[in-house]
Amino acid sequence: MLYRIIFSLIPLFLMPIMGHGLLRGLLVSSVMVAGVLLGRESHRVSRIQNLTFVLFYALLIFGYMQNTSAPLYGDQIFLLAVAQGVSGLYGLFHRRKTLSILFACGCWTLIAVSLAQVAYAKLGTKGILLAGALMVLVALQDVRRILKPIDRNYTGRDGME
């Protein structure tokens, strides 16, 4: 969990350097830290947050490399940070199926909107369809795991030995 908190605080320093502004960096870092702290008890949420970190930093770095004078993907980066916060709520309520499904779908929706906006800029309408279809499949898989958890033995494996 410590590395996720550290990666949540890096935007506080990195975003102003890349032209996004100190206020946006502070807001993004605070939402991401809150998400990490709220979702610390669920292993599934930690994996989702790791994925969100990868997407967040990829957009941040690629947006800076494409245009160093004006930041690109600012709104998409903010959506990914909010998705990180919503995933924390998902982890907080991971024992309640209804709330867990609601927050999981909210998290995947925010990620899908962010990716669809980037894909639209590069691929047009086909990019939106591709990003939407991908995120619907991932969200359905996540909802399936909420509704029917995988039984694991004490070794953590799926029983295939």
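## Helices H3 and H5

The axes of H3 and helix H5 (residues 97-123) come within 12 Å and cross at roughly 25 degrees. Axes here are lines fitted to C-alpha atoms, for helices over the stretch in contact, and angles run from 0 to 180 degrees between N-to-C directions. H3 and H5 are therefore roughly parallel to each other (angles under 35 degrees count as roughly parallel). The crossing of H3 and H5 is left-handed: the near helix is turned anticlockwise from the far one by less than a right angle. Helices are DSSP runs of H or I, at least four residues, numbered from the N terminus.

This is a predicted model: local features need pLDDT of at least 70, side-chain atom pairs count only at pLDDT 80 or more, and totals for chains, interfaces and linings use all residues. Residues are numbered from 1 along each chain as its sequence is written, and side-chain values use heavy atoms, with hydrogens and water left out.

On the H3 side, Ile48, Leu51, Thr52, Leu55, Leu59 and Gln66 make the contact. They meet Cys107, Trp108, Ile111, Ser114, Leu115, Val118 and Lys122 in H5. Contact means heavy atoms within 4.5 Å. By class, this contact has 9 nonpolar, 3 polar and 1 charged residues. Ala, Val, Leu, Ile, Met, Phe, Trp, Tyr, Cys and Pro count as nonpolar, Asp, Glu, Lys and Arg as charged, and the others, Gly among them, as polar.

## Helices H1 and H3

H1 (residues 2-17) also packs with H3 (residues 43-66). Their angle is about 20 degrees, and their axes lie 11 Å apart. H1 and H3 are therefore roughly parallel to each other. This crossing is left-handed.

H1 residues in the contact include Tyr3, Phe7, Ile10 and Leu14. Their partners in H3 include Phe53, Phe56, Tyr57 and Leu60. The contact of H1 with H3 has 10 nonpolar, 4 polar and 1 charged residues.

## The cysteines

The disulfide count is 0, with a pair of cysteine sulfur atoms within 2.5 Å as the rule. Cys105 is in no disulfide; its nearest cysteine sulfur, that of Cys107, is 9.8 Å away. Cys105 is partly exposed, at 32% relative accessible area. Cys107 is buried, at 1%. Buried means under 20%, exposed over 50%, and partly exposed in between (1.4 Å probe, protein chains only).

## Gly91

Gly91 is found in helix H4 (residues 74-92). At 2% relative accessibility, Gly91 is buried. Leaving aside neighbours within four places in sequence, Gly91 is in contact with Leu38, Gly39, Ser42 and Val45.

How values were computed:
Helix = DSSP H or I, 4+ residues; strand = E, 2+ residues; numbered from the N terminus. Parallel < 35°, antiparallel > 145°, perpendicular 65-115°, else oblique.
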